[in-house]
Amino acid sequence: MLGESNPVTRFAMLERQYLQGNMGFLLLAMGLGVIWVSIRLQEEVLLIAAAIAGLGLLVWGFVLTPSHWQVAMEVLVIVLLFPVCVRCTFGEMGLFKRRQ
């Protein structure tokens, strides 16, 4: 294309790719921060509003992160939540209780 040989255009394209890649991480961090602040709020209405806003930022940031980071985050969440799921399923109140 005509504009690809122009160094200014090439720099603008690289800058846009860099910002798009890092914008997802920035939104993820903002979402986690807003959710963390919402947990510490005493007023219920503010807590719910902040949690919903944080969740929106978290989802938006997850969508904008590169796919290899998304897969790594999903694997990490599954590994961290697996013991909780096993405890809920096979524990005292779980679906598959051990009968004696």
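**Around Thr65 and beyond**

Modeller: Let's start with Thr65, which touches Gly24, Phe25, Leu28, Gln70 and Met73, not counting residues up to four places away in sequence. Touching, or contact, means heavy atoms within 4.5 Å.

Colleague: Where does Thr65 sit?

Modeller: Thr65 is in the loop between helix 2 and helix 3 (67–90). Helices here are DSSP runs (H or I, at least four residues; strands are E, at least two), numbered from the N terminus.

Colleague: And is Thr65 buried or exposed?

Modeller: Thr65 is buried, because its relative accessible area is 4%. The cut-offs are under 20% for buried, over 50% for exposed and partly exposed in between (1.4 Å probe, protein chains only).

Colleague: Before I go on, what are the ground rules for this model?

Modeller: It is a predicted model, where local features need pLDDT of at least 70, side-chain atom pairs count only at pLDDT 80 or more, and totals for chains, interfaces and linings use all residues. Residues are numbered from 1 along each chain as its sequence is written, and side-chain values use heavy atoms, leaving out hydrogens and water.

Colleague: What's the mean pLDDT of the chain?

Modeller: The mean is 81, and 71% of the residues reach 70 or more. pLDDT is the predictor's confidence in each residue, from 0 to 100. Where pLDDT is low, the predicted coordinates should not be read in detail.

Colleague: How many helices and strands are there?

Modeller: There are 3 helices and 0 strands, so to speak in order from the N terminus: α-α-α. Buried residues make up 13% of the 100 residues.

Colleague: Back to details. What's going on at Ser38?

Modeller: Ser38 lies in helix 1 and is buried, with a relative accessible area of 3%. A polar atom of the Ser38 side chain lies 2.7 Å from the backbone oxygen of Ile35. Leaving aside neighbours within four places in sequence, Ser38 is in contact with Leu47, Ala50 and Ala51.

Colleague: How far is Ser38 from Gly54?

Modeller: Their C-alpha atoms are separated by 8.2 Å, with the two residues 16 apart along the chain. Gly54 lies in helix 2 and is buried, at a relative accessible area of 0%. Setting aside neighbours within four places in sequence, Gly54 is in contact with Gly31, Val34 and Ile35.

Colleague: What about Gly33, buried or partly exposed?

Modeller: Gly33, in helix 1, counts as partly exposed because its relative accessibility is 28%. From Gly33 to Leu58 is 9.6 Å, C-alpha to C-alpha, and they are 25 residues apart in sequence.

Colleague: New topic: which residues form the nonpolar patch on the surface?

Modeller: Met23, Leu26, Met30, Leu55, Val59, Trp60, Val63 and Leu64 form the patch, with about 750 Å² of accessible area together. Helix 1 and helix 2 are the elements that give two or more residues to the patch, and the largest share, 5 residues, comes from helix 2. Like charges are joined within 9 Å, and nonpolar side chains (Val, Leu, Ile, Met, Phe, Trp, Tyr) within 5 Å. Areas come from the Shrake-Rupley method with a 1.4 Å probe, and for residues only the protein chains shown count as cover.

Key:
Patches are made of residues with over 30% relative accessible area and no salt bridge: like charges are joined within 9 Å, nonpolar side chains (Val, Leu, Ile, Met, Phe, Trp, Tyr) within 5 Å. A salt bridge is a side-chain nitrogen of Lys or Arg within 4 Å of a carboxyl oxygen of Asp or Glu. A polar contact is a pair of N or O atoms within 3.5 Å; within protein, one must be able to donate a hydrogen and the other to accept it, and residues adjacent in sequence count only if both atoms are side-chain atoms.
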